[in-house]
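Have a look at the model below, then read on.

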Amino acid sequence: MALTKADLAESLYEELGLNKREAKELVELFFEEVRAALGDANHVKLSGFGNFILRDKTERPGRNPKTGEEIPISARRVVTFRPGQKLKQRVEAYAGSEQQ
Amino acid sequence: MTDESLEKSMMKSELIERISRKQTHLAYKDVELAVKSLLARMSNSLSTGERIEIRGFGSFSLHFRPPRSGRNPKTGDSVSLPGKYVPHFKPGKELRERVIDSLKKG
């Protein structure tokens with residue numbers, strides 16, 4: 001099972017006593033504001049959790065894997081996530097037997 | 001990254017302010033608690049091996065790094081490094097598209 005927006009809203013309701021509508025709205029706003037900042041060419045740095053970093057890639061040659069035809073892969077901007085120290089350490093300690 | 005605009009960062013405090021401004025029923029202090037609580041919940045989830053899936057934003061999962069041998073840079077002694085998990089983020093479609101559009105807009 002994966003953690004979803006509904007689970008996050010539920011935990012705001014349980015932990016902070018926000019009502020369900022407020023909790024749901026807050027979760028939506030949280031992800032929307034991070035997305036908006038990234039969409040407005042801002043890196044997003046959330047200490048303790050990690051940084052969402054934008055990287056610009058120049059155009060490079062690519063190939064259609066089916067036809068072998070050469071097509072350029074256009075210049076693009078991508079989001080990468082760099083986990084913070086705290087998160088990295090906590091995850092490293094995870095000794096789950098199942099590989100994700 | 002030479003683009004000047006990419007030197008901009010939004011930190012947690014600014015995120016909290018922006019969220020506060022977008023809604024009326026919660027005080028800044030409550031939004032601050034909520035944001036911290038959300039990040040803690042997400043960290044806990046990953047720390048116990050549970051994936052996170054946020055539609056329109058992306059998913060977080062763990063990637064396994066197999067054990068390898070490395071070297072102590074000071075002494076040159078070889079040391080064996082155990083396998084470990086690292087967090088990985090895969091942006092969702094909407095986020096990818098918005099970020100690509102920001103490049104087009106310049």
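## A bridge between the chains

Start with one contact: B:Lys22 makes a salt bridge with A:Glu33, and the closest N and O atoms are 2.6 Å apart. A salt bridge here is a side-chain nitrogen of Lys or Arg within 4 Å of a carboxyl oxygen of Asp or Glu. Between chain B and chain A, the count is four salt bridges.

A few ground rules before we go on. This is a predicted model, in which local features need pLDDT of at least 70 and side-chain atom pairs count only at pLDDT 80 or more, while totals for chains, interfaces and linings use all residues. Residues are numbered from 1 along each chain as its sequence is written, chains are lettered from A and ligands numbered from 1 in the order in which they are written, and side-chain values use heavy atoms, with hydrogens and water left out.

## The whole interface

How many residues of chain B are in contact with chain A? There are 57, and they meet 57 residues of chain A; contact means heavy atoms within 4.5 Å. Together the two chains bury about 5800 Å², 66% of it on carbon and sulfur atoms. Buried area is the accessible area (1.4 Å probe) that two parts lose on being put together, summed over both.

Across this interface, 15 residue pairs are in polar contact (both at pLDDT 80 or more). That term means a pair of N or O atoms within 3.5 Å; within protein, one must be able to donate a hydrogen and the other to accept it, and residues adjacent in sequence count only if both atoms are side-chain atoms. On the side of chain B that touches chain A, the largest share, 14 residues, comes from α2(B). That side divides into 30 nonpolar, 13 polar and 14 charged residues. Nonpolar covers Ala, Val, Leu, Ile, Met, Phe, Trp, Tyr, Cys and Pro; Asp, Glu, Lys and Arg are charged, and the others, Gly among them, are polar.

## A sheet built from both chains

Some terms first: helices (H or I, at least four residues) and strands (E, at least two) are DSSP runs, numbered from the N terminus. Two strands pair if DSSP finds at least two bridges between them.

Now find the open sheet of four strands with the order β5(A)-β2(A)-β1(A)-β1(B) and mixed pairing. Its edge strands are β5 (76–83) of chain A and β1 of chain B, each pairing on one side only. Where the chains join, β1 of chain A (residues 43–46) and β1(B) pair in the parallel sense over three bridges. A:His43 stands opposite B:Ser9, and A:Lys45 has B:Met11 as its bridge partner.

Inside chain A, β1(A) and β2(A) (residues 50–57) pair in the antiparallel sense over three bridges, with A:Val44 partnered by A:Phe52. Their hairpin has three residues between the strands, and A:Gly48 takes a positive phi near 90° there.

## The sheet in chain B

Chain B has an open sheet of three strands, in the order β2-β3-β6, with antiparallel pairing.
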